[in-house]
Amino acid sequence: MLTFPKDFLWGSAASAPQTEGHALDGGKTATTWDKWFELNPEKFNENQGPEVTSNVYEHYKEDIQRMKEIGMNSYRTSISWARLLPDGKTLNKEAVAFYRSYFQELRDNDIEPIMNLFHFDMPWWLMEKGGWETRESVDAFAFYAKTAFEEFGDLIKRWATFNEPLVHIECGYLYGFHYPAIVDFKKAIQVGYHTLMAHVKAVEAFKQGGFEGEIGIILNVTPTYARSNEPADMEAKRKADLLIIKSFLDPCVLGEIPAELSQMIKENDLTPVTVETDKEAIKNNLVDYIGINYYQPMRVKAPVSVQTPAQTPADFFSSYDWPEKRINPYRGWEIYPEALYDVAMMMKNDYNNIPWYVSENGMGVADEERFLDENGMIQDDYRIDFMKEHLTQLHRGIQEGSSCFGYHTWTFVDCWSWLNGYRNRYGFYRVDLDNNLERSLKKSGLWYNDLSKNNGF
């Protein structure tokens, strides 16, 4: 029996844009996703856009009962910036009423809400001004954060500023997967810097406002694994660590951007525009905890060819396809549970053993209807095995002193996933798109209930 610490958080994670629905109703204005779907619906899987998703806006009360039925004691989701402040300034009273009812319902059912402020859903009114490319975004986000703290601070005691900030940076400005889908390394660095400062200013607003509770950030980081111990591969690993891991973890936890990273960016003419007081603000506004989203490891090797100055991260390091890997064929991702132990040790040894939790871990599978049994339940033993393997490695790290306080899966009910729509499913509950979004429990939900009840397995 692997037993986890007392009061361990067992739950799931989701986001407003992927679950709420009512994308342009209830006073909410458009985000980049709403606008992009309007402009280019052909980019989206089966023309599945953000309008309805899982319609949690109407189903949250029943869904919270379902959470309780599978033993969840916590749930992380997000607030929609474009719903709460449709023009960035004016408070939407309907949004306040919806969120207060939603969060109170969670509390009434002994499910702790963990609330994130930004999950890739840039309001269109701000995108038209340049989005994260403009310094205005920093102050706009800080105002939004302060508004959320004031409106919901009595119900929410654990906040997060951003979910996976690297994703909207990389996907929007390097790889073309999110709007505005451009490739511009210098803009990506500027967007990353403004995102960091928006986080810092939100933490500052939380601390100066004297709000009760904790504030952190959710990051998708994993220790980097080099192809070999050869100097060129190890140099690629060093640069990958700086750009992908330390760029946010170091300032958020340790209070400074690594000097090596600043130098690397400077040498490649990528230095962002900054404000003189930023360094002091970073130093004085550290997080209380870190959330780590983990799905797959990062493997690198020396770059195949190098442009100087660098035009993309591929000029610093190349992805390495490890021949011994296990793969989730639906997502194309490597399955490597051992990395969760390495994450635990990294947080313990390199980041002052700051409290942290697994804020996302999960397995996306397509066409799950293949695994329906005669009673209509999906027999997703592959998901149970995936969780068991990862939790075994996490437990090992906790036993060695890493301060992990919870484990959240992605996700509770099958949700809409950006350009992929509903192609891959992750939930404990199936969402039937052809039958009024009806929810039905999968086998993994039964297992998770036992896990939570026993505080281990």
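Predicted model: local features only at pLDDT ≥ 70, side-chain atom pairs only at ≥ 80, totals over all residues.
Local features need pLDDT of at least 70 and side-chain atom pairs count only at pLDDT 80 or more, while totals for chains, interfaces and linings use all residues. Residues are numbered from 1 along each chain as its sequence is written, and side-chain values use heavy atoms, with hydrogens and water left out.

**Around Ser 15**

- Ser 15 touches Glu 20, Thr 77, Ser 78, His 119, Trp 410 and Trp 418, leaving aside residues up to four places away in sequence.
- You will find Ser 15 in the loop between E1 and helix H1 (16-19); helices (H or I, at least four residues) and strands (E, at least two) are DSSP runs, numbered from the N terminus.
- With a relative accessible area of 0%, Ser 15 is buried (under 20% relative accessible area, with a 1.4 Å probe and protein chains only).

**The barrel**

- Eight strands, with parallel pairing, close into a barrel in the order E1-E2-E3-E4-E5-E7-E12-E14; two strands pair if DSSP finds at least two bridges between them.
- From one strand to the next, the twist averages 25 degrees; axes are lines fitted to C-alpha atoms, for helices over the stretch in contact, and angles run from 0 to 180 degrees between N-to-C directions.
- Strands E1 (residues 9-13) and E14 (residues 404-410) run parallel and are joined by five bridges, and Leu 9 has Gly 406 in E14 as its bridge partner.
- Helix H9 (residues 185-208) lies across strands E4 (158-163) and E5 (214-219), at about 165 degrees to E4.

**The hairpin**

- Strands E16 (residues 429-432) and E17 (residues 438-441) run antiparallel, with four bridges between them, and Arg 430 stands opposite Ser 440 in E17.
- Five residues separate E16 and E17 in this hairpin, and Asn 436 in the turn has a positive phi of about 55 degrees.

**Cavities**

- A cavity is a set of points, on a 1 Å grid over the protein atoms alone, where a 1.4 Å probe fits but cannot get out, and lining residues have an atom within 4 Å of a point.
- The largest cavity is lined by 13 residues, of which Thr 32, Phe 120, Met 122, His 168 and Tyr 179 lie nearest its centre.
- Helix H2 (32-39) and helix H8 (165-173) are the elements that give two or more residues to this lining, and H8 provides the largest share, three residues.

Technical notes
Contact = heavy atoms within 4.5 Å. Buried < 20%, exposed > 50% of the residue type's maximum accessible area, 1.4 Å probe, protein only. 1 Å grid on protein atoms, 1.4 Å probe; cavity = no way out; pocket = protein on both sides within 12 Å on 5 of 7 lines; lining within 4 Å.
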